[in-house]
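Here are my notes for you, written as numbered points. Have the model open while you read, and click on the residues as they come up.

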Amino acid sequence: MFHQADLFDRIEQAPLVMRPSAVALPDLVERVSQVSKRPRYALLILNLIARAAGKDGSLGPYVRSEADHVPVRDWLCRALAPLADRDCRRTAMISAVRSELMAKAGAFKNAADLAQQQEQEIQARILRSGRTNVSRAVSDLVRAGLLHRHYQGYRVDHPNRGAQREAVYTIAPDVRLALSGNF
């Protein structure tokens, strides 16, 4: 006698695809507020990184800007710089730069050179303080477990600790889902 096997006996169950656990947006806010002194700023940075990140959830070490590739921290700093335009510390810094360069006004050929030097110095200081603020906020996000940071680049013997390396930020999969609204 011939016995035919049941077709359903041969079908193997497909392995379950593990989706990242769903995290709601209020949970993200709570996690950031527990580790950061500036949770709104940190959440803005997280959102900018999420929107600009590639399919793997990572952003960096360089981001395409209008004309060229910019380090990710500089890109974030420039994106968030308008937030501090009316801040009293920003206006005090601008006044200090102008007064410092006015004291050295004799070194410049004309008023246009002086104004250009003032603008360059102001932008350099804004970038320097902005990079620090971005790094602090990213450290808070890493501490909250929402972001992973590593560095890429060429390592050479150099007194700078960074050794020509730039940061790369990778968002956790559950955080990407929460920020995209697809959970």
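1. By how much of a helix are E121 and R125 separated in helix α6? About one helical turn, because the two are four residues apart in α6. (A salt bridge here is a side-chain nitrogen of Lys or Arg within 4 Å of a carboxyl oxygen of Asp or Glu.) E121 is partly exposed, at a relative accessible area of 25%. (Buried means under 20% relative accessible area, exposed over 50%, and partly exposed in between, with a 1.4 Å probe and protein chains only.)

2. Before you go further: this is a predicted model, where local features need pLDDT of at least 70, side-chain atom pairs count only at pLDDT 80 or more, and totals for chains, interfaces and linings use all residues. Residues are numbered from 1 along each chain as its sequence is written, and side-chain values use heavy atoms, with hydrogens and water left out. As for the element names, helices (H or I, at least four residues) and strands (E, at least two) are DSSP runs, numbered from the N terminus.

3. The salt-bridge count comes to three. One of them joins D140 to R143, with the closest N and O atoms 2.1 Å apart. These two sit three residues apart in α6, so about one helical turn separates them. D140 counts as buried at 13% relative accessibility, whereas R143 is exposed at 52%.

4. Now look at D74 and R131, whose side chains form a salt bridge at 2.3 Å, N to O. D74 lies in α4 (residues 72–80) and R131 in α6 (residues 111–143), so this pair ties together parts that are 57 residues apart in sequence. Both D74 and R131 are buried.

5. How do α4 and α6 lie relative to each other? They are roughly perpendicular (65 to 115 degrees; under 35 is roughly parallel, over 145 roughly antiparallel, and the rest oblique). Their axes come within 9 Å and cross at roughly 105°. (Axes are lines fitted to C-alpha atoms, for helices over the stretch in contact, and angles run from 0 to 180 degrees between N-to-C directions.) On the α4 side, the residues that meet α6 include D74 and C77; on the α6 side, G130 and R131 are among them.

6. G130 deserves a click of its own. This residue of α6 is buried, with a relative accessible area of 8%. Setting aside neighbours within four places in sequence, G130 is in contact with Y41 and C77 (contact means heavy atoms within 4.5 Å).

7. Further along α6, A137 is buried at 6% relative accessible area. Again leaving out neighbours within four places, A137 is in contact with Y41, A42 and I45.

8. Last, the inside. I45 and Y169 touch the most other members of the largest nonpolar core, which has 30 residues. (Such a core is a set of buried Ala, Val, Leu, Ile, Met, Phe, Trp, Tyr and Cys residues joined through side-chain atoms within 4.5 Å.) Elements giving two or more residues to this core include α3 (39–52), α6 and β5 (165–171). Apart from it lies another core, of eight residues, including V97 and L114.
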